[in-house]
Amino acid sequence: MNRMLLLLLLGALFAACSNSESVYSQQNSGSALEVDSLEGMLAVRMEQKNLVLGSNDNATKTNERPQMSVSLQYDFSIGKHEVTCGEYNSLMKSVGALLDCEGDNIPATNVTYYDAVLFANARSKAEGFDSVYTYTAASFDAEKHCTNLEGFAYHPEKQGYRLPTEAEWVYVAGLNWNQASGWTSDNSDYKLHDVCSFASADNEACDLLGNAMEWANDWLGNFRDTMVVNYVGAPDGGSLGQRVVKGGSFRNEARSVALYSRGDVYMVTSSTRANYVGFRLAFGVIPDALWMGSDGKVAENRVVPLAGTSTVRSVVGTNRSKLVFRNDLTKNLAYIDYAGGSLSVIEIADTLDAYHPEISPDGQKVAFCTGLEGVAGKSSLYVRDLNAEGSNLVKLDVKSAAIPRWRVLENGDTAIVYVSDAGNNKNESDFKATSTWQVTFANGKFGKPQKLFDGAYHGGLSVDGSLAVTGARLLRARVGKSSTIWYNEEQACNASLASDSSKRTLFLDFGSKTGRDFVGEKYGTHERILVADSTGKLIQSVAAPAGYAFDHSEWVKHSGKLAIVTFTNASGAHTKIALVNLEDYSFVELAEGDELWHPCFWFKESFVPEDDVLLDLDSAGVYYVEGQSWDHQVMSIKMSLFWKNINSIEILGVGSSRIEDGLIPLNVTAGKTLNMGHPGNDLNAALYVAENYGLLHLPKLKAVVVSLDIDLWQVTTEYTHEMFDVTPGFVYDANHQFWKDEIPYAFVDAVNNAMVGGDAYATYYKTMGFAANLSGSWGNPDVEKDSTWQYVLPTAIEWNLERLKSFVEKAKEKNVAVVGIIFPQNPGYRNTGAWGRYGPTRTVAKKTLKSLEQLEASHSNFILLNENKMGNHDYSDEMAVNTDHLSELGARQLTERLDSLLKEMD
């Protein structure tokens, strides 16, 4: 049976299953385990191993939805119980920390994921098996627990001990899942117990529920509504580096532990330790392993980051660095951003065949072409943002353009040098028929191309323009206005001209006589990097590591000593990308995969060390902490929506619950809208959000819509302090000047991870911040404050007016309009002495409205939309939910009028 047919049959099999328990009762009746020959292990030999991961319950965490079907088409073994303290300490004496345990038979806990990995490797070594996990260096804390494995990689094709995948764990746990048979907070006295102290048969795994929570092998990724064979989790940890833990512990109520649960109360990364988290082992090869990235795409191959942020920083001096390359299997560009603590390989999915990527001087964009060095023919040149979406794609409108190289001109303009054809340059007449060009690039647009000279010199152009090189069979140079051939006209390729004043050219050859004579020994094709000075004279060579050759060699701009290369193995596969230090001849391996081509490495040339922000995940994006009010929960959702949509928001609504209930973003056609109004507010708090977030970070912002609740203008900054001064995320932002220079890598992921769920998420997330209310009525015009408060607080209204004026002027500088809405309140206030629910007197209200009209007259970017009209409005009873808030019906009318106004402004 072919694999596609198998997938279709399995998909049909799972279609009738609505939750985890139903699948297990249908598929896994009877034991599928038997005692293994490996000590303490159970063999899983059942032919059909079908399960589901996740849940379709909307109340579950977002990373636990939707439900995903999995089939395991291989046999494996799993530990009957969690690794005990006695077992752990007996193997780890020479590896890492020894555990201080109350008994040898309780689970080994307070271990990191990396501790568990080292234990698995140690057992593999002790019993003569392969190490399933590889790494280049290990870091330990003061207590000798492993906190990082540099260059860490998991190899599913190797036969050895490892941690169980989440799918393996769920399959085995589902065979005998019983919430009454586990050490939980219901019966544990909040302590660990000896493993298997709940009775179990010899061929049953024990303590999968309760006792110690358990590390799974997988990175924490997303699910999708599909069926996957031999699933092994996400290809990497994403920007936050989160891991999967399963089964609950002695601290959890039995009813709260579910098969689909895959995390803890706190964020779990590879270096996390807790006295209730342990692990059990698995054993066996996983053939045809499938990973699923955060984009929901399944892959049978992956690219593994090898060098961590700290290693890269030690080489280039900053975290502000990026690697981009071509994944030749998918034909897409992929990149790694080293500005975060956890590394993720992000692939820009596209139908374009992308070659020779080059990162822009500011690190924000990437240029690439569709033609290949050494291959004649037409090529197109593109520039796009270097992000997961590859947004803002722009094509250069010329007949053919290949091998882009960025440069900064003397006048400060940014330009791209390219060639008309990158084919074989051996034939003189063919080479002269090609040409080298330059085109400026600014504000997302190309300028007018300018021809520099004849000949396709795609190896680089010196800063002063006096030297250009190329290598595609011959190492040609343009010195001044003269053309010449270097390297005794022997074969050369991958030429790259240094961007510093040295005008050195590095290139690869084919073991030619000139190279052999310089080196003093024979070598094979591409086994040496050769370096020539500005006259073409050889001055240096670097040998490839044993078993490898070089390809795709390029100088790293501004370094003067670093080159970026691919390593090819004996079969010619480009399996690794590495940095080469030409001063000390050392290598730093950056990434490993099946076919990695055309790497380009960028780092920020001028930087302030303090700007290299490694996020504090206890504060970054934490806009709500347990115990805070509903207002804070709401803002957690809305800040997540803000950061997620910063590149598309055009209209930002801020203010009190009146705008929250009265502005429907999805009904606004004038531009993408986010409603950030929230219960409990003061004008300063609303403008705090608009000023420090909206004006700073929304590139497409056209208008800020703010509710002008003049009955609340008895307050100045009291609520601002309650919201922003006591919440870690807002304090963290303020301490970093609201990220005005650059949003740190992984920051948006941190915000989304910290976002609360539950009712606040269900209410606001899909509506872009709007809270829909059923129709009620205006009711009685109750006055809840002494409407004469303005006499007790005579400066409050003036303070708010000045605060609004200040914001309007700042918005003017950004070419942003400000629409102030006075929301309708109970028309019955016309028959009282109060203007609204909280005052002020109607006389004072008229004076305040007059001041707002004067502000409108004096500031062209401020528009007043008075929908209250001193109570003389047309919002009927059914358009209200209470005396000062609109129902959804009223919100539709107000939003329609606002939308018309915004479109008129356009």
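Student: Which order do the strands of the open sheet of 5 strands have?

Tutor: The order is 18-41-40-39-38, with antiparallel pairing. Before we go on: this is a predicted model, where local features need pLDDT of at least 70, side-chain atom pairs count only at pLDDT 80 or more, and totals for chains, interfaces and linings use all residues. Residues are numbered from 1 along each chain as its sequence is written, and side-chain values use heavy atoms, leaving out hydrogens and water.

Student: What makes strand 18 and strand 38 stand at the edges?

Tutor: Strand 18 (304-305) and strand 38 (549-555) each have a single partner strand, so one side of each is left without a neighbour in the sheet. By the way, strands (E, at least two residues) and helices (H or I, at least four residues) are DSSP runs, numbered from the N terminus.

Student: How do you know that strand 40 and strand 41 pair?

Tutor: Two strands pair if DSSP finds at least two bridges between them. Strand 40 (residues 574-581) and strand 41 (residues 586-592) are joined by 6 bridges and run antiparallel, so by that rule they pair. For instance, alanine 578 has glutamate 589 of strand 41 as its bridge partner.

Student: Why is strand 19 called largely enclosed?

Tutor: Buried means under 20% relative accessible area, exposed over 50%, and partly exposed in between (1.4 Å probe, protein chains only). In strand 19 (residues 321-327), 7 of the 7 residues are buried, so the rest of the structure largely encloses it. Look at both faces: Ser321, Leu323, Phe325 and Asn327 are buried on one side, and Lys322, Val324 and Arg326 on the other.

Student: Which strands does strand 19 pair with?

Tutor: One of them is strand 42 (residues 596-603), antiparallel over 6 bridges, where tryptophan 597 is the bridge partner of arginine 326. Another is strand 20 (residues 332-337), also antiparallel and joined by 6 bridges; there, valine 324 has tyrosine 335 as its partner. The hairpin of strand 19 and strand 20 has 4 residues between the strands, and lysine 331 takes a positive phi near 70 degrees.

Student: What makes helix 5 mostly covered?

Tutor: Helix 5 (residues 166-175) has 10 of its 10 residues buried, among them Trp169, Tyr171 and Leu175.

Student: Why does glutamate 802 count as partly exposed?

Tutor: Glutamate 802 has 47% relative accessibility, so it counts as partly exposed, since that label covers values between 20% and 50%. You'll find glutamate 802 in helix 17 (residues 796-813).
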